[in-house]
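Please look over the sequence and the model shown below before reading on.

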Amino acid sequence: EEQVGLHQSPTPRILSVKTDNLPLVDALALLQSKKPTLSTDHLTHIEGRLSALTTKLNALKEQKDKLNAAKSATQVSRIFNSLEANEALISVIPEVESRLEDVSCLNSQAAQWNGRLAEVSSDQEKTESLLKENCDRLESTKSKLGQSLQDVTKKLEKLQADLTQLKA
């Protein structure tokens, strides 16, 4: 080993991680210390413990499956109970839907009603302005007619006076 040199592996391997970078004598001592763990009695003991552990894991899996089934059954039961409790409400849903459709129809008609009210209000404002304009014109016509009648009366009086002067 001294002549060849310490050969280090570029990539460590899992099974030889502890011995890869050790001198040969140290690696051999390490492997020698691990040899009793490979005895038949020790391996049988480990195999028994692994078998017991597998049995326990299987038992836990069965319990987990039972628990999941119970949870699932509980959830189904809860949903079923909820449906039973709400059965009266379910029978009313079509009627509520019909009423909501009626309300929607009334809402659209109300929107049209608001438009009509705006039109009527606009028409009423126009009518009021026309009435005011007509009242102003009527007052103007009354005053002009009154003035014209006074002028006609004065002219007739003057004509009457002239006629009475001519007769005299």
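Arg99 and Glu95 join their side chains in a salt bridge, with 3.0 Å from N to O; the term denotes a side-chain nitrogen of Lys or Arg within 4 Å of a carboxyl oxygen of Asp or Glu. Both residues belong to helix α3 (residues 87-167), where they stand four residues apart, about one turn of the helix. Arg99 is exposed, at 54% relative accessible area, while Glu95 is partly exposed, at 44%. Here buried means under 20% relative accessible area, exposed over 50%, and partly exposed in between, using a 1.4 Å probe and protein chains only.

The structure as a whole contains four salt bridges. Among them is the pair Arg137 and Glu133, again with 3.0 Å from N to O; these two lie in helix α3, four residues apart, about one turn of the helix. Arg137 is exposed, at 53%, and Glu133 is partly exposed, at 35%. Another is formed by Lys132 and Asp136, at 3.9 Å from N to O, also four residues apart in helix α3. Lys132 is exposed, with 57% relative accessibility, and Asp136 is partly exposed, with 46%. In general, side chains of opposite charge can pair when their charged atoms come close.

## Basis of the model

The model is predicted: local features need pLDDT of at least 70 and side-chain atom pairs count only at pLDDT 80 or more, whereas totals for chains, interfaces and linings use all residues. Residues are numbered from 1 along each chain as its sequence is written, and side-chain values use heavy atoms, with hydrogens and water left out.

## Overall fold and surface

The protein has three helices and zero strands, in the order α-α-α along the sequence. Helices (H or I, at least four residues) and strands (E, at least two) are DSSP runs numbered from the N terminus.

Of the 168 residues in the protein, 2% are buried.

## Cysteines

Zero disulfides are found in the whole structure, a disulfide being a pair of cysteine sulfur atoms within 2.5 Å. Cys105 is partly exposed, at 40% relative accessible area, and Cys135 is partly exposed, at 45%.
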